[in-house]
Amino acid sequence: MNRGTIYNLILLIILILVQVLICNHIQIFNVAMPFVFIYVIIRLPMTVSTNWLLTWAFAGGFIVDLFSDTPGLNSLACVIIARFKQPILYLYIPRDDRTRDILPSMVNLGLANYSKYLLTMTLLYCILIFSLEYFSFANVKEIAIMSLSSTVLTFVLLLSIDSLMVSRTE
């Protein structure tokens, strides 16, 4: 295992602990829940193979599922966002040799592109998790409100985490 892999594994463990011990107990106005552990999936370098990315996503989601009493919801949502990570990133940046091995971050993509990428990934995750949780479209309004408010809260937290990571590496 190289140094970057060990760093990402430690970061995943720390964010899963934060998610399970703190964030799972936060619910703002009974609609907004933060999901900080998805940061590692979103931030993994584009050079990580699809098999490893899906494995990391499933493992992270599975561990959160074990402690959150959500059988398979986080696992499925994490695997889906991991699968669509590359196509979503290439919606906002040109696909060429310079971006083939890019590490998605505010420094590498710029604030505007990174914010669009992060917002799209977070929105996709929140829509998936709440749609799967309700498993019905009878409460579309409630699913939409919870998805949007959780997206905004998670987006702000993930931007904060990314700015902390940038200042640590500089």
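## The nonpolar core

The largest nonpolar core has 49 residues, and Phe37 and Tyr125 touch the most other members. Such a core is a set of buried Ala, Val, Leu, Ile, Met, Phe, Trp, Tyr and Cys residues joined through side-chain atoms within 4.5 Å. Buried means under 20% relative accessible area (exposed is over 50%, partly exposed in between; 1.4 Å probe, protein chains only).

Helix 1, helix 2 (39-43), helix 3 (50-68), helix 4 (73-83), helix 5 (85-92), helix 6 (106-109), helix 7 and helix 8 (140-169) each supply at least two residues of this core. Helix 7 gives the largest share, nine residues. Helices are DSSP runs (H or I, at least four residues), numbered from the N terminus.

## Model and conventions

This is a predicted model: local features need pLDDT of at least 70, side-chain atom pairs count only at pLDDT 80 or more, and totals for chains, interfaces and linings use all residues. Residues are numbered from 1 along each chain as its sequence is written, and side-chain values use heavy atoms, leaving out hydrogens and water.

## Helix 7

Just after the helix, Phe135 takes a positive phi of about 50°.

Beyond four places in sequence, Tyr125 contacts Phe35, Phe37, Ile38, Asn74, Ala77, Cys78 and Ile81. Contact means heavy atoms within 4.5 Å.

## Gln19

Gln19 lies in helix 1 (residues 3-21). Gln19 counts as buried because its relative accessibility is 0%. Not counting residues up to four places away in sequence, Gln19 touches Asn24, Pro34, Phe35, Val36, Phe37 and Val64.
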